[in-house]
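Visitor: I am new to this structure. Could you walk me through how to read it?

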Amino acid sequence: MSQNVRYTIRSVIFLLIGLVFITPLLWMVSTSLKFENQVFERPFVFIHWGQINWDNYRQILTETAFPAWLWNSVFVVLISVVLRLLLSALGGYAFGFLKFRYSDTIFFFFLMTMFIPYQLTLLPQFISFRFIGLLDTHWALIIPNIVDILSIFLMRQFFLSFPKELVHAAYMEGSGIFRSFIKVALPLARTPLLTLGLLSFFMIWDQYYQPLIFLHSKEMYTIPIGLQSFQTQFGKQYALQMALACLAIIPVLGVFLALQKQFIESIVSSGLKG
């Protein structure tokens, strides 16, 4: 069998597998454009081109709290990701490049916290946030997310192989530790920071238990808990639920499509593998 034939067969197989995985997404889009009496019709029709129901999307955008949920998610994710990347870069630089007395021992105890299931930390966090008055605020979601041991570990691995000559040259020119970090180390850490930023974005965006426990007001909800609340309220209106789901995945899909090339290149070049 020639190489071209094998390549064609492999491509067809991958295409069929891709269609299997994308079928639920296509069904979601199809359902979001239908009226309720068309959702479970037989035989199945993908889209009624003469009866496309755009009113589902209008109703979601104008008659529900979805715009507020979207803004809440964007606010929480952006603040959390920026602070997480900054602290991870600082921690990785300190443990991986600068080194100090007992740094490896301290970092070992840091790593030990990764073995604690995060569900066990929810109750202490709830009590702490209630005591300082942060319950039902977005800071109750942001603060636990800004320090991530795995991100610090990955940045430490990057700075372990960081060329020390560059920073020493900055020292020779009169730069201090922090100025060398900002001017030299941070720009060269763009690749791992991009990877961690995207992974953190997807991880924080999908968080469910934290907003469920820490938020009480409906207007403070993020999208995951908002979707659950909407499903409870409109349990039988499947077309409306699918319209909301389509709108909810647009930000995540947009970020991935816009940065997928840089994301793949950063993983390959940095060696950060799942």
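Guide: Start with the surface. Accessible area comes from the Shrake-Rupley method with a 1.4 Å probe; for residues, only the protein chains shown count as cover. Here the protein chain exposes about 16600 Å², and carbon and sulfur atoms supply 70% of that. This is a predicted model: local features need pLDDT of at least 70, side-chain atom pairs count only at pLDDT 80 or more, and totals for chains, interfaces and linings use all residues. Residues are numbered from 1 along each chain as its sequence is written, and side-chain values use heavy atoms, with hydrogens and water left out.

Visitor: How many helices and strands does the protein chain have?

Guide: Helices (H or I, at least four residues) and strands (E, at least two) are DSSP runs, numbered from the N terminus. The protein chain has 13 helices and zero strands.

Visitor: What share of the residues is buried?

Guide: Buried means under 20% relative accessible area, exposed over 50%, partly exposed in between (1.4 Å probe, protein chains only). In the protein chain, buried residues make up 37% of the 274.

Visitor: And the aromatic pairs: how many are there?

Guide: Rings of Phe, Tyr and Trp (its six-membered ring) pair if their centres lie within 6.5 Å; planes under 30 degrees apart count as stacked, over 60 as edge-to-face and the rest as tilted. The count comes to 15 aromatic pairs. One of them is Phe 40 with Tyr 238, edge-to-face, at 5.3 Å centre to centre and 85 degrees between the planes. The pair links distant parts of the chain, 198 residues apart: Phe 40 is in the loop between α1 (3–32) and α2 (55–63), and Tyr 238 is in helix α13 (residues 238–270). Phe 40 counts as exposed, at 52% relative accessibility. Tyr 238, at 30%, counts as partly exposed.

Visitor: Why is the pair of Tyr 93 and Phe 97 stacked?

Guide: Their ring centres are 5.2 Å apart and their planes are at 15 degrees, so the pair is stacked. Both lie in helix α3 (residues 66–98), four residues apart, about one turn of the helix. Both Tyr 93 and Phe 97 are buried.
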